[in-house]
Amino acid sequence: MKKRIIYPAIACVILLSTVSFKSDFFEIAKQIEIFTTMFKELNMNYVDETNPAELMDTAIKAMLDDLDPYTKYWNEQDVEASKIRNAGEYTGIGASVKTIKDKIIIIEPYKGYPADKAGLKAGDEIIQIGDVKVSDFKDDAGELLKGASGTKINITYKRQGANKSTVLTREEIDVDAVPFYTLLDDNTGYIVLSKFNNKASSETIDALKDLKAKGADKVILDLRGNPGGLLSEAINVTNIFVPKGELITTTKSVVKKYNKEYFTKREPIDTQIPLVVLVNGRSASASEIVSGSIQDLDRGVVIGARSFGKGLVQRPKKLTYGTQLKITISRYYTPSGRCIQALDYWNRDKNNKAVRINEQDFKAYKTKNGRTVYDGGGIQPDIELETSKFSDITTALLRSDAIFEYGTKYYYSHQLKKSSDFKFTDADYEEFKKFVKQSDFNFETATEKSFKKSLEVAKRENFDKDIATAYTKLIASINASKQAALDTYKTEIVNLLTDEIIKRYFYREGLYNYYVKHNPEVAKSQEILANKNKYEEILK
């Protein structure tokens with residue numbers, strides 16, 4: 001009888017110890033059971049016919065929306081797209097596109113690929129693919145552009161209000177991680193690294209070796225606009241310039257198996273060549289691992305504007321039926337120990353929006369040479385340039401596509417034969433301001449948001465009639481200030497307009513060729529690299 005009592009007791013202890021690593025094990029099981037029974041009852045008893053797949057998709061996305069924006073559910077198409085991004089190769093039309101409601105917008109056709117050969121231009125709106133109208137297609141219409149190499153596809157598109165058609169032949173598209181590199185007049189090697197796919201380090205090495213063979217004795221590594229990619233490639237790219245066995249990043253998590261240190265594993269290419277790394281507000285993730293480690297190890301000078309501030313690491317986890325969960329598993333830290341995550345997704349404001357970490361809360365860390373650097377808000381450059389920054393209004397212009405759409409307008413109203421002939425004049429900028437005013441561009445300031453909330457409170461308290469006139473005047477004053485902001489931040493806006501316009505005429509290669517002669521960040525980099533004393537002084 002005693003044995004019968006003892007054995008269940010031992011089994012209970014074993015069970016409890018087994019699940020103790022997750023104290024909420026029972027709660028998880030309970031919630032899954034509640035959801036399963038609710039989902040079943042809903043689909044069996046709802047007044048109208050339901051679509052279980054759509055309901056589940058909505059439920060999953062709503063659940064993940066409360067976490068960080070990088071934790072995502074991937075269906076089979078998303079999984080395949082991720083493989084393509086990391087591999088740098090796919091079959092398609094060779095263009096960057098954006099799907100908006102009932103059309104697909106060509107953002108950038110790649111030189112020499114099918115979209116370009118067929119005459120498609122940035123700003124063209126694809127409205128029909130084969131027999132399928134984009135407006136009638138419920139899923140991602142961009143998937144219709146993909147297919148086997150050599151297959152033809154009929155496209156109907158709208159350009160400047162007129163419908164046109166063309167036939168494209170799909171090809172294997174090879175996306176370079178290093179789309180451009182060149183030797184500048186002062187023997188500075190200029191390398192653009194645009195993404196961290198699995199070719200990033202090998203292409204950077206090839207570029208550096210070629211430049212050194214041509215006489216390069218200093219290097220600019222341009223990571224502006226690089227959104228990141230593979231962590232392993234960030235380590236390998238840094239390894240090009242730092243010795244084997246150097247700590248580059250540490251990842252930390254509540255899950256112990258994700259607590260890791262990442263060291264360089266290869267012999268470097270050159271640990272002595274003077275180096276400048278360019279970053280801006282669109283340099284994120286892997287770009288920040290490279291620029292942050294180069295800065296922390298005092299291996300090079302970082303120039304530009306504060307980087308995006310993505311200090312979170314994701315890993316795909318396989319689910320059933322070919323789907324995946326891309327989940328944030330840890331935070332990464334630079335060699336000095338700083339986490340550069342800028343937004344706090346776990347302590348949100350009353351509107352459930354992630355709050356930006358306050359500069360007053362930034363913590364100080366020391367580089368290898370004892371220089372002070374800070375965490376919490378991206379990588380702060382050693383030399384910050386106004387031309388690299390993105391103000392709130394500039395960011396809003398980018399998000400609204402105002403700069404992109406003006407680029408389209410400019411292209412069809414101006415002739416340009418050489419990039420060296422281009423100059424965005426004051427008269428051009430006045431035209432841009434008129435264009436913005438006439439468009440549906442809407443930039444809501446923090447001040448406006450506060451006043452709107454105050455008016456809502458006033459309405460509840462029946463004071464709105466008393467303050468209506470004053471409120472109208474205030475909003476009019478704010479709108480006037482917003483127009484003035486276009487002048488205040490003219491320099492950074494003109495730089496982005498220049499980028500957009502040059503690409504329209506001369507592709508991305510033409511843009512980089514324009515950079516090496518006219519870009520202020522490149523010019524400043526050359527100035528620092530040419531002054532050995534200044535370069536060394538910054539790093540000490």
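Contact here means heavy atoms within 4.5 Å.

## Model and confidence

This is a predicted model, in which local features need pLDDT of at least 70 and side-chain atom pairs count only at pLDDT 80 or more, while totals for chains, interfaces and linings use all residues. Residues are numbered from 1 along each chain as its sequence is written, and side-chain values use heavy atoms, with hydrogens and water left out.

The protein chain has a mean pLDDT (the predictor's confidence in each residue, from 0 to 100) of 88, and 92% of its residues reach 70 or more. Over residues 1–21, pLDDT stays under 50, and the model has two contacts beyond four places in sequence for them. Where pLDDT is low, the predicted coordinates should not be read in detail.

## Packing of α15 and α16

Helices are DSSP runs (H or I, at least four residues), numbered from the N terminus. Residues 520–530 form α15 and residues 532–539 form α16; the two pack at about 95°, with axes 5 Å apart. Helix α15 is therefore roughly perpendicular to α16 (65 to 115 degrees). Axes are lines fitted to C-alpha atoms, for helices over the stretch in contact, and angles run from 0 to 180 degrees between N-to-C directions.

From α15, I528, L529 and A530 meet K532, K534, Y535 and I538 of α16.

Methods
Angles under 35 degrees count as roughly parallel, over 145 as roughly antiparallel, 65 to 115 as roughly perpendicular and the rest as oblique.
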